[in-house]
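Try each task on your own, then follow the solution step by step.

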Amino acid sequence: MSDIDIRITGRAGRITFTRPQALNAMSYDMCMAVDAAMRQWRDDDEVALVVIDAQGDKAFCAGGDIAALYDTGTKGDFAYARRFWRDEYRLNAFIAEFPKPVVSLMQGFTMGGGVGIGCHGGHRVVDDSTRIAMPECGIGLIPDVGGCHLLSRAPGYLGEYLGLTAGRMAAGDAILAGFADHFIPREKWADLIEMLEASGDIAHVAAHALPAPPSSLGEMRADIDRHFGGGSLQAILDSLSADDSDFAQKTRAVLARNAPLSMACTVEMLRRLRAEDATIRQALDLEYRFTWRSMEDGDFLEGIRAQIIDKDRNPKWQYAGDTGPEAVPDAVLNHMLAPLGADALTFEGENRQMKIGFIGLGNMGGPMAANLAKAGHDVTGFDMADVTIAGVKMAGSAAEAAKGADVVITMLPNGQILRAVAADIIPAMDKGATFVDCSTVDVDSARAVAQQAEEAGLLAVDAPVSGGTGGASGGTLTFMAGGSDAAFAKAKPLFDIMGQKAVHCGAAGAGQSAKICNNMILGVTMIATCEAFALADKLGLDRQKMFDVVSTSSGYSWTMNAYCPAPGVGPQSPADNDYKPGFAADLMLKDLRLSQQAAESADADTPMGALAQALYAQFVENEDGKGMDFSAMLPRFEKRGHSE
Ligand code: NAD
């Protein structure tokens, strides 16, 4: 992604924001890319620590990309913003709880979303240019991304002051308020990063630090604590009004510009969090209650309109009287901060129920969907055929099953059908949701559908499977996935339920490429296994003896050992069930055709694949293979002689 550079350098997981022209504003994709990388690094022994920095002099990260939230929110689509906040807050908690050192180097503006990334790690570096702020009350939101957690822990009532005024903290202020740890002049940063990368030794950070510069905030502490400790917005305003000092008048003028509902809720949130000595998760949970309601019931859309869209800087806030903020009724405060029930924010390790749409509930899709429902997900399914799947609600159309889903999974017969279904459901899906296609299709269809999904603001993964119907019902499939890191990370918890292994093979289409290569081997080995049994028969060899030898000798394969085409030999397989599929010969032919199509367009020499395709075509189209399992090649060979 061009907005962010994620890599491993030496012992360090490295994240650099590379969007300085937009003050490194955090988009949803950037957020998910950080999330995906850090999850990998947590379990990677080579990565000793994480270092986050940003290009440009003006900003580390000046906030979230709120224009996209406005676009969707003004169309009445609140799901995108809620999903963005939810996933961003989960990342904020993940950073705060990360088991390895996280170093952030924050020059210039570090606001909102930037604080969420930069200020929850254990080693937060600032310099002379740093200006950290939580400006959300100015756009009708509350300090979020875990900002309320930091504010609630700031000394005295600095948290209320900083949250309500959106005041900017210079280096000394940020260290005093608990938003930063070390003051290190910018000219030393490159040297520090190099040492961290080379050694993985976090001690270099403290070794580079100079004493914190003085804090102007510190000089105002007495005034701040005197006026901001009243426990409600009204008490703070009354206290400031009763004081004609310069500080009180200036501060009151600042508060008159910000959203009263946001400020009143911020004071209440800090009061609750401080009283409970709350964790970051509790803080984020409370923040999410407000942000979840902020578009419908708060002033968020009006705030963005005035600040970012029309830039008239004249927002029409609720509870803004002629002479300044009016009292916000307790009932309104309580409503904005009331628990969200089923919509509440959940974190890693907690039950993360997803809303899943599942389209194509045949031999494979049916049991896969049932496994997701059994694991506690909310699954709505659709199939052209009239099917019932345990635990799955049925919708009247594919689009209906996809609407409002976090993830939509398709498990369809071929690329043409996939393209038609995709055209139907992509417009119905919420921006930011994930489209996972598990069908086996041609690489071109996989790439075309992924592109269409990405253009519509969705994450997309092609994730065909191996393991057959047994793997689908037993939850032991192997997924081979193509798509971005973020898309894969989103789908991974579901792959873990439906399968035993998920390999991220590369960009869009890479999963289908892997699948086609795998199935070309499968088709060829099945034919080789069947013809070897037929030859063994004619040589008078007992089939069981043949199995006993080959399954433990160099001729062994999945087709021999796990899916033996000879009835009564080896583990249970379709051969023991009159060759009813299992994996139909027609589908094998489809996959072999896909392999030859791919071989042709990639100019690859695949003579065995070509021969396997010709044999399966003959079997399915001219003999009695249609509707039979692909291992029914054995009875076919049995009946034939050498010259046929
Ligand atoms: P299937 O024919 O049993 O299931 C496909 C389902 O899709 C059917 O229920 C059908 O009614 C439904 N469908 C078709 N068009 C539809 C539409 N427009 N809207 C909604 N539903 C529609 O096939 P399967 O065995 O479940 O295979 C599905 C996919 O998985 C295929 O791409 C196949 O190649 C792949 N696959 C199958 C196996 C296997 O062992 N069966 C193994 C690996 C991969």
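## Exercise 1: Two annotated stretches

Over residues 13-320 the chain is 53% helix and 10% strand, with its end C-alpha atoms 47 Å apart. Helices (H or I, at least four residues) and strands (E, at least two) are DSSP runs, numbered from the N terminus. Before going on, note that this is a predicted model, where local features need pLDDT of at least 70 and side-chain atom pairs count only at pLDDT 80 or more, while totals for chains, interfaces and linings use all residues. Residues are numbered from 1 along each chain as its sequence is written, and side-chain values use heavy atoms, with hydrogens and water left out.

**Task.** Find what UniProt lists for residues 13-320 and for residues 509-634, then give the helix and strand content of residues 509-634.

**Solution.** 
- Step 1: An unreviewed UniProt entry lists residues 13-320 as "domain: Enoyl-CoA hydratase/isomerase".
- Step 2: For residues 509-634, the unreviewed entry gives "domain: 3-hydroxyisobutyrate dehydrogenase-like NAD-binding". UniProt positions are given in the numbering used here, feature names are shortened, and annotations may be inferred rather than shown by experiment.
- Step 3: Residues 509-634 are 61% helix and 0% strand, and their end C-alpha atoms are 33 Å apart.

## Exercise 2: The whole chain

**Task.** Describe the protein chain by its helices and strands, its span and its buried share.

**Solution.** 
- Step 1: The protein chain has 29 helices and 20 strands.
- Step 2: Along the principal axes, its C-alpha trace spans about 105 × 55 × 40 Å.
- Step 3: Of the 644 residues, 55% count as buried. Buried means under 20% relative accessible area, exposed means over 50%, and partly exposed lies in between (1.4 Å probe, protein chains only).

## Exercise 3: Strand β5 and its partners

**Task.** Are the residues of β5 buried or exposed, and which strands pair with β5?

**Solution.** 
- Step 1: β5 (residues 102-106) is mostly covered, as 5 of its 5 residues are buried.
- Step 2: Look at the two faces. Val 102, Ser 104 and Met 106 lie on one side, Val 103 and Leu 105 on the other, and all are buried.
- Step 3: β5 pairs with β3 (residues 49-54) in the parallel sense over 3 bridges; here Ile 52 stands opposite Ser 104. Two strands pair if DSSP finds at least two bridges between them.
- Step 4: β7 (residues 123-126) runs parallel to β5 and is joined to it by 4 bridges. In this pairing, Met 106 stands opposite Val 126.

## Exercise 4: A three-stranded sheet

**Task.** What is the order of the open sheet of 3 strands, and which are its edge strands?

**Solution.** 
- Step 1: The order is β4-β6-β8, with parallel pairing.
- Step 2: β4 (59-61) and β8 (131-133) are the edge strands, each pairing on one side only.
- Step 3: β4 and β6 (residues 109-111) are joined by 2 bridges, and Cys 61 stands opposite Thr 110 in β6.

## Exercise 5: Helix α16

**Task.** Why is α16 described as largely enclosed by the rest of the structure, and which helices do its buried residues pack against?

**Solution.** 
- Step 1: In α16 (residues 300-309), 7 of the 10 residues are buried, so the helix is largely enclosed by the rest of the structure.
- Step 2: The buried residues include Phe 300, Leu 301 and Ile 304.
- Step 3: The buried residues of α16 pack against α2 (66-74), α3 (79-96) and α15 (280-294).
- Step 4: Just after α16, Lys 311 takes a positive phi of about 55 degrees.

## Exercise 6: Around Ser 631

**Task.** Where is Ser 631 found, and what does its side chain make a polar contact with?

**Solution.** 
- Step 1: Ser 631 is found in the loop between α28 (607-622) and α29 (633-638).
- Step 2: With a relative accessible area of 1%, Ser 631 is buried.
- Step 3: Leaving aside neighbours within four places in sequence, Ser 631 is in contact (heavy atoms within 4.5 Å) with residues including Met 526, Cys 530 and Tyr 563.
- Step 4: The side chain of Ser 631 makes a polar contact with the side chain of Asp 629 (2.6 Å). A polar contact is a pair of N or O atoms within 3.5 Å; within protein, one must be able to donate a hydrogen and the other to accept it, and residues adjacent in sequence count only if both atoms are side-chain atoms.
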